[in-house]
Amino acid sequence: MDSPTRFLPRRLALGAAALSLLAATVFGQMAVAAEVNTTGLAVTDTEVTVGQLHSATGTMAISETGSIQAERLAIEQINAGGGILGRQIKIIQEDGASDWPTFAEKAKKLLVGDKVAAVFGCWTSASRKAVLPVFEKENGLLYYPTFYEGLEQSKNVIYTGQEATQQILAGLDWIAKEKGAKTYYLIGSDYIWPRTSMKIARKHIENVLGGKVVGEEYYPLGNTQFGSLINKVKLKKPDVVFTAVVGGSNVAFYKQMKAAGVTSAKQNLLTLSVTEDELLGIGGENMDGFYASMKYFQSLDNPNNKAFVEAFKAKYGKDAVIGDVTQAAYLGPWLWKAAVEKAGSFDVDKVAAASPGIELATAPESYVKVHGNHHLWSKTRIGQVQADGQFKVVFESDLIEPNPFPKGYQ
Amino acid sequence: MEWLSEFGAIAAMQGFNGLSVFCVLLLMALGLAIIFGQMGVINMAHGEFLTIGAYTTFVVSVLTEQYAPFFGPYYFFLAIVLSFFIAGAIGWLVEWAMISKLYQRPLDTLLATWGLSLVMQQAFRSIFGAREVSATLPEWLMGSWNPTEAIDIPRNGLFVMGLTVLITAMIFLMLYRSRWGLQVRATVQNRVMSRAVGINTKKVDRMTFALGCGVAGVAGAAFTTIGSTGPTAGSLYIVDTFLVVVFGGASSLLGTIASAFSIAQAQSLMEFFMSGSMAKVFTLSAVILILMLRPQGLFSIKVRK
């Protein structure tokens with residue numbers, strides 16, 4: 001038997017050769033990767049890692065599931081088309097669990113621990129506010145999909161949903177003109193988004209439209225008793241009921257409205273907060289004929305959207321519905337891809353600097369463009385609820401400039 | 001004169017609204033009043049038994065739509081009965097597996113049932129998905145009844161009211177006019193003595209707990225007519241439910257009724273003059289004040305001290 005020591009020199013030589021080969025590949029890779037990445041992000045020659053940060057559990061899972069699905073679909077499609085700068089996108093998904101401190105903690109883990117190049121995530125304003133300081137301190141990049149109250153702008157965030165003025169002003173203008181509305185009743189859930197939205201709506205109604213607000217009310221989240229409110233609406237007979245009630249409360253609200261005889265035959269209603277997702281729970285027959293103001297509806301008739309809806313249903317089942325936020329979440333990875341390619345780099349500063357002016361002609365909502373304030377130029381549409389749970393688009397605005405800090409509306 | 005008749009109509013509808021809130025509160029609280037009041041078990045999973053009833057109704061509604069459309073107008077009655085038995089059966093199992101081991105430690109029942117509620121919520125999420133669902137209501141339950149031109153009385157509200165009266169009457173008969181009810185009350189007042197005179201207290205406990213859960217199931221079925229069903233729907237109701245039971249004086253059925261009535265009327269009246277959130281604040285403050293003056297609640301059984 002040969003003693004093992006006889007082979008030691010040869011083994012050493014082999015080992016050294018392998019090591020140097022390995023080193024060469026690693027450093028070689030780093031040299032190439034360094035061209036598109038000077039800040040130590042998780043980027044190799046073949047892969048780039050991004051984070052996904054949503055609530056997969058807890059009360060917000062109902063809403064955020066759609067966003068998670070849409071972002072995954074977009075990333076899969078981008079990978080199938082060859083990835084970004086020749087690199088496949090790898091996803092690390094973290095669960096914010098509907099708990100804002102958890103969101104902040106997971107954001108830090110993604111940015112500091114995993115060195116992700118971008119994060120697609122958050123849904124509520126509360127979760128966004130919780131992660132914002134982390135993104136600013138660690139210099140990360142967040143794509144945020146929800147329509148929200150505005151009053152915010154950060155170089156580390158791209159807002160792919162609408163800010164308040166985009167969604168509200170066009171909707172109110174339309175209903176004032178179309179229905180000759182003069183009196184308005186404002187209803188919302190009791191937290192920041194509905195309250196800020198109604199503040200903007202009230203200013204617009206009183207100062208621009210020359211109308212009158214005859215009532216303004218907020219109910220706690222999760223409230224299921226709207227009987228008194230409905231009686232007050234009946235007493236005051238407003239031309240328009242304007243609502244921003246969120247979540248499960250909507251189901252109770254519209255069921256009770258219908259039961260009390262307040263239907264679209266007698267009452268105009270415009271909502272900011274019912275998408276196809278909520279409508280699934282409410283039941284189309286309970287909201288038939290009412291209006292919603294959004295930038296996206298599943299029923300939009302254009303080739304981009306047809307392809308999107310088809311791909312979404314192929315992946316998540318034919319009964320899946322797509323709401324406004326789901327579409328906005330789908331835009332995130334595509335906008336990031338366009339900005340990275342324009343910058344020729346994954347560096348957060350370069351990507352952020354390259355973002356304004358990015359256009360997306362392939363967006364399901366038809367066309368969007370990133371503004372200097374990191375929000376999107378987008379159209380606002382009015383959809384009328386149909387009994388089958390879909391919206392019929394009855395109005396479409398021109399492209400609206402985002403204005404997160406509206407003068408005269410605060 | 002016209003505004004006067006209109007005001008009358010609104011007053012009538014608002015009065016009905018108060019009654020309707022009362023029925024909702026009572027239906028939620030009855031099951032808990034039996035379990036908490038009679039057995040002293042703090043059942044934090046009560047809301048989830050309610051959700052079981054709601055999901056049962058949803059499933060029956062979907063099955064009816066698919067396999068027996070002609071049954072559509074009547075499926076709701078079947079759903080209510082099934083909700084009662086399914087929630088009751090699960091309650092029976094829970095008592096057997098968990099609660100029966102914890103009777104001497106009331107605080108532990110709180111923790112255990114709270115854990116149970118989390119497990120049940122996750123189970124709902126795994127089975128039915130995170131999204132809220134809604135049973136399709138039969139035609140006769142939608143819309144309103146118009147005694148005059150200006151008055152709309154919601155039919156689903158009337159239905160919930162009728163159901164509440166029926167359930168309350170049945171529970172009253174069972175607790176105060178039946179042999180089993182006598183055994184329940186005896187067990188509550190003196191467990192050792194009851195056992196000594198030959199009452200099978202284990203069986204009584206199990207049946208009482210199952211009954212309480214069954215009533216929660218019926219409440220859940222009824223609430224599909226006015227609200228939504230989601231994995232966490234139950235937790236929305238649980239605070240109000242405990243509020244009613246504690247305010248009423250835990251061990252008295254009459255107290256539960258009186259408490260649901262006063263909270264509902266106060267809430268409904270204040271909601272009409274101020275916004276929804278403020279009305280809730282005032283109602284809660286009033287309840288706290290009264291509880292400070294009467295710690296044992298509105299009604300309570302007199303005991304020698």
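Modeller: A salt bridge is a side-chain nitrogen of Lys or Arg within 4 Å of a carboxyl oxygen of Asp or Glu. Over all chains, the structure holds 26 salt bridges. The model is predicted: local features need pLDDT of at least 70, side-chain atom pairs count only at pLDDT 80 or more, and totals for chains, interfaces and linings use all residues. Residues are numbered from 1 along each chain as its sequence is written, chains are lettered from A and ligands numbered from 1 in the order in which they are written, and side-chain values use heavy atoms, leaving out hydrogens and water.

Colleague: Why are A:Glu76 and A:Lys315 called a salt bridge?

Modeller: Their side chains meet at 2.8 Å, N to O. The limit is 4 Å between a Lys or Arg nitrogen and a carboxyl oxygen of Asp or Glu, so the pair qualifies. A:Glu76 lies in helix 2 and A:Lys315 in helix 10 (residues 303–316) of chain A, and 239 residues separate them. Helices (H or I, at least four residues) and strands (E, at least two) are DSSP runs, numbered from the N terminus.

Colleague: What makes B:Asp152 and A:Lys234 a salt bridge?

Modeller: The closest N and O atoms of B:Asp152 and A:Lys234 are 2.7 Å apart, and the rule asks for within 4 Å, so this pair passes as well. Between chain A and chain B the count is one salt bridge. Side chains of opposite charge can pair when their charged atoms come close.

Colleague: How many residue pairs are in polar contact across the interface of chain A and chain B?

Modeller: The rule finds 15 residue pairs, both residues at pLDDT 80 or more. A polar contact is a pair of N or O atoms within 3.5 Å; within protein, one must be able to donate a hydrogen and the other to accept it, and residues adjacent in sequence count only if both atoms are side-chain atoms.

Colleague: How do you know which residues belong to the contact of chain A and chain B?

Modeller: Contact means heavy atoms within 4.5 Å, and it takes 35 residues from chain A and 36 residues from chain B. The buried area is about 3,100 Å², with 52% from carbon and sulfur atoms; the term means accessible area (1.4 Å probe) that two parts lose on being put together, summed over both. In chain A, the residues losing the most area to chain B are A:Ile62, A:Gln225 and A:Lys255, together 19% of what that side buries.

Colleague: What makes domain 1 and domain 2 of chain A separate entries?

Modeller: The bounds come from an automatic or database domain assignment. It divides chain A into domain 1 (4–162 + 300–378) and domain 2 (164–294 + 383–396). Their centres, taken over C-alpha atoms, are 34 Å apart. The contact takes 15 residues from domain 1 and 14 residues from domain 2. About 1,400 Å² is buried between the two domains, 59% of it from carbon and sulfur atoms. Between them the count is zero salt bridges and two residue pairs in polar contact.

Colleague: Why are strand 11 and strand 13 of chain A said to stand at the edges?

Modeller: The open sheet has three strands in the order 11-12-13, with antiparallel pairing. Strand 11 (359–360) and strand 13 each have a single partner strand, so one side of each lacks a neighbour in the sheet. Pairing requires at least two DSSP bridges, and strand 12 (residues 368–370) and strand 13 have two bridges. In strand 13, A:Trp377 is the bridge partner of A:Lys369.
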